[in-house]
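Biologist: I have a structure open and want to learn how to read it. Please take me through its features one at a time.

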Amino acid sequence: MAVIRMVLSALLVIMSQGSAAFTLTSSAFSPGGVIPKVHECTSGGSDPRQRNESPPLTWTGAPAAARSHAIVMRDLDNNNLIHWVIYDIPVNVTSLPQNVDHAYRPSIPSGARQVYYRGSASLFGYQGPCSPRTVNTYEFVVYALNRATLTELTSSSSTQTAARVISGASLGSARLSGES
């Protein structure tokens, strides 16, 4: 029993050394802060500042065993409606620029794929906050995945299917929320 405790104790020390917390940040808004208008959807609005551009995101401290990353964005106040899924982000990529292409295979990051959003707008990729009469909380989650590619997902996969597959392949995640 004492040997088992020593081994477990040693493993805990090894696991805690050099492992930073897995975090997700954006230069566009602070945690819990207001998501700028440029990242809001354009459907139903006439505000020229609303451009439906994805926010810049950066993550650090992903588990060392990660083989790729994925991001899922949800509206927490609207039945966890999924607004964005991007996956097969190469493991060496730790940030996304503002305004990722609205394409199944965006130009940046190379190799990534996005799910088609079937909602107020019909497009591949990011669909920004669309809550003109209420303030909702939107959550971005970056996942460290145990596979380099999610081969079971295709250009016709739903956001719910993609989120389930991503969750099943997750080694860990980091969250960032904002309001709009």
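Biologist: Which residues do ring pairs link into a cluster?

Modeller: This is a predicted model, so local features need pLDDT of at least 70, side-chain atom pairs count only at pLDDT 80 or more, and totals for chains, interfaces and linings use all residues. Residues are numbered from 1 along each chain as its sequence is written, and side-chain values use heavy atoms, with hydrogens and water left out. Now the cluster: ring pairs join Y104, Y116 and F124.

Biologist: How is a pair of aromatic rings described?

Modeller: By the distance of the centres and the angle of the planes. Rings of Phe, Tyr and Trp (its six-membered ring) pair if their centres lie within 6.5 Å. Planes under 30 degrees apart count as stacked, over 60 as edge-to-face and the rest as tilted. By this rule there are 4 aromatic pairs. One of them is W84 with Y126, edge-to-face, at 5.2 Å centre to centre and 90 degrees between the planes.

Biologist: Where in the chain do W84 and Y126 sit?

Modeller: Elements first: helices (H or I, at least four residues) and strands (E, at least two) are DSSP runs, numbered from the N terminus. W84 is in strand 4 (residues 81-90). Y126 is in the loop between strand 8 (122-124) and strand 9 (137-145). The two are 42 residues apart, so the pair links distant parts of the chain.

Biologist: Are W84 and Y126 buried or exposed?

Modeller: Buried means under 20% relative accessible area, exposed over 50%, partly exposed in between (1.4 Å probe, protein chains only). W84 and Y126 are both buried.

Biologist: Why is the pair of Y104 and F124 called tilted?

Modeller: Because the planes of Y104 and F124 stand at 55 degrees, with the ring centres 5.7 Å apart. Y104 lies in the loop between strand 5 (95-96) and strand 6 (113-114), and F124 in strand 8, so the pair ties together parts that are 20 residues apart in sequence. Y104 has 18% relative accessibility, so this residue counts as buried.

Biologist: Next, the sheet. In what order do the strands run?

Modeller: Strands of a sheet pair through backbone hydrogen bonds, either parallel or antiparallel. In the count used here, two strands pair if DSSP finds at least two bridges between them. Here 5 strands form an open sheet, in the order 6-4-3-9-10, with antiparallel pairing. Strand 6 and strand 10 (170-179) are at the edges with a single partner strand each, so one side of each has no neighbour in the sheet.

Biologist: Which strand does strand 6 pair with, and over how many bridges?

Modeller: Strand 6 pairs with strand 4, antiparallel, over 2 bridges. R113 in strand 6 is the bridge partner of Y87.

Biologist: What does helix 2 touch?

Modeller: Contact means heavy atoms within 4.5 Å. Helix 2 (residues 159-168) packs on the sheet and touches strand 3 (68-75), strand 4, strand 9 and strand 10.

Biologist: How many salt bridges are there?

Modeller: A salt bridge is a side-chain nitrogen of Lys or Arg within 4 Å of a carboxyl oxygen of Asp or Glu. The whole structure has 5. Among them is R113 with D88, the closest N and O atoms being 2.6 Å apart. R113 lies in strand 6 and D88 in strand 4, so the pair ties together parts that are 25 residues apart in sequence. R113 is buried, at 8% relative accessible area. D88 is buried too, at 5%.

Note on methods. Axes are lines fitted to C-alpha atoms, for helices over the stretch in contact, and angles run from 0 to 180 degrees between N-to-C directions.
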